[in-house]
Amino acid sequence: MPSLIYAIDWMALLLVAAVSIAATVIIAALMSVSNYFFHPPKGEEKASQPRRILGFIFLGLMACVVAFGLYLMIPYFH
Amino acid sequence: MSVELIILIVVITALIFDFTNGFHDAANAMATCVATGAFKPKMAVLLAAIMNLIGAFLSTNVAKTISGGIVDDQLITPQTVFAALVGAILWNLLTWLFGLPSSSSHAIFGALIGAVLVQAGLIGIHFSTVASKILLPALVAPVVAGVASYLGTKIAYKGKHNLPKESKKRYRNAQRVSSLLVALSHGTSDGQKTMGIITLVLVAGTLQLGGDQMPWWGQAPGTGPHWWVILSAGIAIALGTYSGGWRIMRTMGKGMAEIEPPQGFAAETAGMSCILASSHLGFGLSTTHIVSGAIMGTGLARTPEEVRWNTAKRMLIAWGLTLPAAALVGGLAAWVAHFGSWGFLVVLAVLVIGSVTIKIVSSKNHVSHENVNDSHEVTVLAKAAISSVTETIPNPLAPALPEEIADHPLAASPLRLTGLKPRPKPKVPKKKKTPPKSKKKKQRKAAQQKAAVAKAQEHEAAREKAAKAKAAKEKAAATRAAKAAKAKEVNDA
């Protein structure tokens, strides 16, 4: 039993859990904020130009996260 | 049996395992997309297959060991690998039949453990590695992915229960991207796994043959996979994915919880994050366990009362059984294959017969791209639900129905005579047609005109009636006067 406890890389396990949760929260938050800016405020039919620009900025940040995921996935890049 | 023939059979079996791996894991990437309608079912599996194929070509850094240290690799021969593949294929097919998502990697590790146990006994198994690389990750993966997905869903919905239609549309697009990334990562990891198995078998076969000249398929230790190994492994996993694995797709997409596009996005993003973190930070987690946990997490975040715990329980049982059941089949296969060529052929025959039997049983309650979203359950031996009955045979013993309901579609139901109440069609409130504004105006004007004409006609009729009455009155008075005059004349006379 003690050898089993030592065999487990607890640090790697904690790191994987923390990074997975943090990455999901960050991506979901970026998407949620982008969605907020694209959505027209009450009483208006269409979102204003500055709101749309902000929406695109947050969408772009999300695209950067996706690009980083692709970078990790493709061994050619690292 | 010659070494070449054994190698050929093992390579073909490895490709079949790769195919089953594809259709078993297609649901990991696309189940949520199919359930939320982000992709049509056929399009979903086509795109996942393409991403798998690309993934298989992107990463060809095959593992240096088949087992990753869970067994003593020096004990592994082509026969052991064959037995392990047979065990893994049969377990994959059996869990597919019941629509249960289980890890293909755990199936092959389990079968390998069984085969090595038969060959070398307990000494060949590294139990601490089994616990740290298989058992603990199986417990951790769904929890981590579930928590990530739960938080992602809460953020997406911002505490509300529903989102506007436009927002859902945007989330649907984001969900498509995250699902495709999951499919790509599946291609890089699992395609690579089969390439590794084939490469190691080719190396073992070359060493077994010895001699000065290397055969065309031969491979020296430490070299990368042949181009035809990469191509065939990529095509096998892509074909497997394209074939769909609709039974598992139904369980993952509909069986655990009813999900919407923002939830699908949260689940796939959590899945993606966990897969990438686990493969780059040194603690490998199974994709199937990750995505299943993520779907449960998203279901709990939005509609906890609608999560189907029964399906989750069945899934957990399947996960728990994967290792011992695959080990049992792998061990039996290794024991039979140990008897030489005849044993080898018997194992091959069992694999073929077992696979065909499972396919035949599955066809009794067929699940395909056409009916994948019709139900949340995968039935094996029980009769399919009424919603999936497409053809009904008229029963000659059925009592005649009254004429007015004889034409109703439910009148042909096979359940009519069994005493079961056929499920009535849901009532859809009929929408009243509201004509456009200009049309409404025209109609009002026409009605007013009609009313005016009717009023005028009524007035005219009343006037005519009055005139007639007056004329009749005058006539009567005249007649009366004439009569009186006549009577007077008679009297006078």
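Reply:

**Salt bridges and their setting**

The structure holds six salt bridges, counted over all chains. The model is predicted. Side chains of opposite charge can pair when their charged atoms come close.

Start with B:Glu260. Its partner in a salt bridge is B:Lys168, and the closest N and O atoms are 3.2 Å apart. Find the two residues on the chain. B:Glu260 sits in the loop between helix H8 (246-255) and helix H9 (261-280) of chain B. B:Lys168 sits in helix H6 (residues 165-209) of chain B.

Now check how covered each residue is. The cut-off for buried is under 20% relative accessible area. B:Glu260 has 15%, so B:Glu260 is buried. B:Lys168 has 16%, so B:Lys168 counts as buried too.

A third residue joins in. B:Lys168, B:Glu260 and B:Arg302 are linked in a network of salt bridges.

Next, look at B:Glu258. B:Glu258 forms a salt bridge with B:Arg308, with 3.2 Å between the closest N and O atoms. This pair also links distant parts of the chain. B:Glu258 lies in the loop between H8 and H9 of chain B. B:Arg308 lies in the loop between helix H10 (287-302) and helix H11 (309-337) of chain B. What about cover? B:Glu258 is partly exposed, with a relative accessible area of 30%.

A further salt bridge sits within one helix. The side chains of B:Lys193 and B:Asp190 meet at 3.4 Å, N to O. Both residues lie in helix H6 of chain B. They are three residues apart, about one turn of the helix. Their cover can be read from two values. B:Lys193 is partly exposed at 22% relative accessibility. B:Asp190 is buried at 5%.

Now step back to chain B as a whole. Chain B has 14 helices and zero strands. Read along the sequence, the pattern is α-α-α-α-α-α-α-α-α-α-α-α-α-α. Of the 493 residues in chain B, 47% are buried. The accessible surface of chain B is about 25,700 Å². Carbon and sulfur atoms hold 64% of that surface.

Take the contacts with a separation of 6 or more: residues 24 or more positions apart account for 83% of them. B:Ile54 is in helix H2 (residues 41-58) of chain B. B:Ile54 is partly exposed, with a relative accessible area of 39%.

Chain B also meets chain A. How many salt bridges are there between chain A and chain B? The count is zero. There are five residue pairs in polar contact between the two chains, with both residues at pLDDT 80 or more. Three helices of chain A each supply at least two residues of the side that touches chain B: helix H1 (2-7), helix H2 (10-38) and helix H3 (49-73). H2(A) gives the most, with 20 residues. By type, the residues on this side of chain A are 26 nonpolar, seven polar and one charged.

Then consider the extent of the meeting. The contact takes 34 residues from chain A and 41 residues from chain B. The area buried between the chains is about 3,100 Å². Carbon and sulfur atoms give 80% of this area. In chain A, A:Val16, A:Thr24 and A:Met73 lose the most area to chain B. Together they make up 19% of what that side buries.

Finish inside chain A, with A:Ser34. A:Ser34 lies in helix H2 of chain A. Not counting residues up to four places away in sequence, A:Ser34 touches A:Gly55, A:Phe58 and A:Leu59. Is A:Ser34 buried or exposed? A:Ser34 is buried, with a relative accessible area of 1%.

Terms used
Residues numbered from 1 in each chain as written. Chains lettered and ligands numbered in written order. Predicted model: local features only at pLDDT ≥ 70, side-chain atom pairs only at ≥ 80, totals over all residues. Heavy atoms only, no water. Contact = heavy atoms within 4.5 Å. Buried area = accessible area lost by both parts, 1.4 Å probe. Salt bridge = Lys/Arg side-chain N within 4 Å of Asp/Glu carboxyl O. Polar contact = N/O pair within 3.5 Å; in protein donor to acceptor, adjacent residues only side chain to side chain. Helix = DSSP H or I, 4+ residues; strand = E, 2+ residues; numbered from the N terminus. Nonpolar A, V, L, I, M, F, W, Y, C, P; charged D, E, K, R; others polar. Buried < 20%, exposed > 50% of the residue type's maximum accessible area, 1.4 Å probe, protein only. Areas by Shrake-Rupley, 256 points an atom, 1.4 Å probe, with all protein chains shown as cover.
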